[in-house]
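The following note is meant to be read with the structure in view. Please follow each numbered point on the model.

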Amino acid sequence: MTESRGLVLIVEDERHISDVQRLYLTREGFGVHVEADGSAGLAAARRMHPVAIVLDIGLPGMDGIAFCRALRDAGDWTPVLLVTARGEEADRILGLELGADDYLTKPFSPRELVARVKTVLRRAAGPPGPPPTGSTGRLSVDPVSRTVRRDGEPVELTATEFNLLSHLLRHAGQVFTREQLLAQVWGYPGYRDTRMVDVFVSQVRAKLGDASPIRTVRGVGYSATAPGP
């Protein structure tokens, strides 16, 4: 038997969906625990400390949005992959703004689910390559502890938000299209939903305030200002 890749928590009230998710994740070496409502899922997350959470938005009791908010408010930054119905775009965006790392829209391939879980875990581990510059103006970034400080005060970023900021700082002055960022930060070459990039950039800017080095290049994409001395 191969060593487990870690425990994935599935919070899904449709049994036939969670059974397929469990099957495919187990085949890839993950341990899997399933809960069918949000309150039980949140309790399981706090008790079991999974490596990732696959979270349906439309849950009985506590829905996925409330679940994600409670998780992040408690300082738990476990990677969260949202599962949404096609008509839940507003909830999907809100979930990303609350700290979810990615999302899938039903119906989806279970193989894509497994690929997305692996990808959010790679992002949580940090991008390959040299670390970003340690400071830029009022902002300091520690690539080892994966922490960010603004004017000396800690700023809580999700794994994806940190990787986005780090990538732009590592290539300060270079302009990236949204498609390039999806490929290089998210690991999704050819992915068409570039709105996700805008949401994460907005979140990083909101958290960093006027210390944010991220700049919009109209008609192209995003860049980071070069670090100061």
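1. Helices (H or I, at least four residues) and strands (E, at least two) are DSSP runs, numbered from the N terminus. Arg 116 lies in helix H5, which covers residues 110-125. The model is a predicted one, in which local features need pLDDT of at least 70 and side-chain atom pairs count only at pLDDT 80 or more, while totals for chains, interfaces and linings use all residues. Residues are numbered from 1 along each chain as its sequence is written, and side-chain values use heavy atoms, with hydrogens and water left out.

2. The chain as a whole contains eight helices and 12 strands. Of its 229 residues, 47% are buried (buried means under 20% relative accessible area, exposed over 50%, partly exposed in between, with a 1.4 Å probe and protein chains only). The accessible surface is about 10700 Å², and carbon and sulfur atoms account for 52% of that surface; such areas come from the Shrake-Rupley method with a 1.4 Å probe, and for residues only the protein chains shown count as cover. Contact means heavy atoms within 4.5 Å. Among the contacts with a separation of 6 or more, 60% join residues 24 or more positions apart.

3. Is Arg 116 buried or exposed? Arg 116 is buried, because its relative accessible area is 5%. Leaving aside neighbours within four places in sequence, Arg 116 is in contact with Leu 81, Asp 102, Tyr 103, Leu 104, Tyr 188 and Tyr 191.

4. Gln 21 belongs to helix H1 (residues 15-27). With a relative accessible area of 3%, Gln 21 counts as buried. Residues up to four places away in sequence not counted, Gln 21 touches Ile 10, Glu 12, Val 54, Val 83, Phe 108 and Leu 113.

5. Helix H3 (residues 64-73) is mostly covered, with seven of its 10 residues buried. These are Gly 64, Ile 65, Phe 67, Cys 68, Ala 70, Leu 71 and Arg 72. Their cover includes strand S1 (7-11), helix H2 (38-48), strand S3 (52-56), strand S4 (80-84) and helix H4 (89-97).

6. Helix H7 (residues 178-186) has Leu 181, Leu 182, Val 185 and Trp 186 buried. Seen down the axis of H7, its buried residues fall within an arc of 100°, so they line one face of the helix; the arc is that of the directions from the helix axis to the C-beta atoms. An α-helix has 3.6 residues a turn, so residues three or four places apart point the same way. The buried residues of H7 pack against H5, H6, S10, helix H8 (195-208) and strand S12 (221-224). Just after H7, Gly 187 has a positive phi of about 80°.

7. Where is Ala 172 found? Ala 172 is in the loop between H6 and strand S10 (176-177). With a relative accessible area of 29%, Ala 172 is partly exposed. Ala 172 and Pro 213 are 41 residues apart along the chain, and their C-alpha atoms are separated by 9.0 Å.

8. Strand S8 (147-150), strand S9 (153-155) and helix H6 (159-170) each supply at least two residues of the lining of the largest pocket (on a 1 Å grid over the protein atoms alone, a pocket is an open set of points where a 1.4 Å probe fits, with protein on both sides within 12 Å along at least five of seven lines, and lining residues have an atom within 4 Å of a point). The largest share, three residues, comes from S8.
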